[in-house]
Amino acid sequence: MGCCSGRCTLIFLCTIQLLVALERQVFDFLGYQWAPILANFFHIIIVILGLFGTIQYRPRYIVVYTVWMALWVAWNVFIICYYLDVGDLTKDSDLLTFNISAHHSWWSEHGPGCVRREMTQPGVGTVDSQSYISVMGCLMEYQYIEVLHSGTQILIALLGFVYACYVFSAITEEEDSFDFVGGFDPFPLYHVNEKPSHLLLKPMYL
C-alpha cells in the first residue's frame with residue numbers, strides 16, 4: 001500500500017514537473033535564452049524517463065531521474081544566483097545566451113504591468129534608428145519572476161528526489177522478497193513426490 005501511494009505521488013510530481021518545464025521552455029524560447037532552453041530540454045526527457053520507470057517498475061530509470069533531480073536543483077540554484085547578482089555573476093551579462101546575442105529574459109519587457117516604450121537616439125528622428133527600449137511600471141522586476149520560477153523548480157525537484165528514493169527502495173525490496181519465495185521451505189521448490197511402486201517382488205518357488 002505504501003509503495004502504491006508513493007508511486008502515485010511520484011507520478012503526480014512528474015506530471016507537474018512536465019507542465020512547469022514546458023511553461024518555462026516557452027518563455028525561455030521567447031527570450032532566446034539558449035542555455036536554459038538546453039537544460040529544460042534535457043529536464044523534460046529525464047522526467048519522461050522517470051515517469052516511465054515509475055509506471056513500469058524500472059528501478060534504473062528511477063535512479064537516472066533521482067540523479068538528475070540533484071543536478072536540476074544545482075542548476076536552478078545557479079539561475080537564482082545569476083539573477084540576484086551573487087558573486088561575479090550578473091544578470092546583465094550574455095552568459096545564458098552563450099554570448100551570441102544580447103537578449104535577456106522575456107519577462108524583462110513583458111512582465112506584469114510593464115509598459116514597453118521604444119526610445120530613438122538623440123538628434124535622429126527616423127524610425128530605423130530606434131535602439132533603446134524603456135520599460136516602466138512593472139509590478140515585479142523580471143529577476144524576481146525568474147527567481148520564483150527557479151524556486152518552484154527546486155521545491156518540486158526536492159519532493160521528486162525524496163519520493164524517487166522511496167519508490168526505488170520499495171521496488172527493490174519487493175524484488176528481493178520475490179527472489180526468496182520458497183527459500184525457507186522444508187522441501188525444495190521443485191520437489192517431486194515419490195509414489196510407492198505398485199510392483200511387488202514376490203519370491204519364486206520352483
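**Start at Tyr57.** Select Tyr57: this residue is partly exposed, with a relative accessible area of 39%. Here buried means under 20% relative accessible area, exposed means over 50%, and partly exposed lies in between (1.4 Å probe, protein chains only). Tyr57 sits in the loop between helix 2 and helix 3. Check its backbone: phi is near 55 degrees, a positive value in a residue other than glycine.

**Ground rules.** This is a predicted model, in which local features need pLDDT of at least 70, side-chain atom pairs count only at pLDDT 80 or more, and totals for chains, interfaces and linings use all residues. Residues are numbered from 1 along each chain as its sequence is written, and side-chain values use heavy atoms, with hydrogens and water left out.

**Zoom out.** Switch to cartoon. The protein has five helices and two strands. From the N terminus, the order is α-α-α-α-β-β-α. Helices (H or I, at least four residues) and strands (E, at least two) are DSSP runs, numbered from the N terminus. Of the 206 residues in the protein, 33% are buried. The protein exposes about 13,700 Å², and carbon and sulfur atoms supply 68% of that area. Accessible areas come from the Shrake-Rupley method with a 1.4 Å probe; for residues, only the protein chains shown count as cover. Now consider contacts, meaning heavy atoms within 4.5 Å. Among those between residues at least 6 apart in sequence, 66% join residues at least 24 apart.

**Next, Asp85.** Move to the loop between helix 3 and helix 4, where Asp85 lies. Asp85 is not a glycine, yet has a positive phi of about 60 degrees. Its relative accessible area is 32%, so Asp85 is partly exposed.

**Stay in that loop for Ile100.** Ile100 also lies between helix 3 (59-83) and helix 4 (107-110). Ile100 counts as exposed because its relative accessibility is 62%.

**Pick out Ile45.** Ile45 is in helix 2. Its relative accessibility of 40% counts as partly exposed.

**Turn to Gln33.** Find the loop between helix 1 (2-30) and helix 2 (34-55); Gln33 lies there. Gln33 is buried, at a relative accessible area of 4%. A polar atom of the Gln33 side chain lies 2.9 Å from the backbone oxygen of Gly31. Beyond its neighbours within four places in sequence, Gln33 contacts Asp28, Tyr83, Leu96, Thr97, His103, His104 and Ser105.

**Finish at the cysteines.** Show Cys114 and Cys138. A disulfide (a pair of cysteine sulfur atoms within 2.5 Å) joins them, S to S 1.8 Å. The pair links distant parts of the chain, 24 residues apart: Cys114 in the loop between helix 4 and strand 1 (115-120), Cys138 in the loop between strand 2 (130-136) and helix 5 (142-179). The link is right-handed, with 125 degrees about the S-S bond. Cys114 is buried at 18%, whereas Cys138 is partly exposed at 25%. The structure holds one disulfide. Last, select Cys8, partly exposed at 45%, and Cys165, partly exposed at 33%.

Key
Polar contact = N/O pair within 3.5 Å; in protein donor to acceptor, adjacent residues only side chain to side chain.
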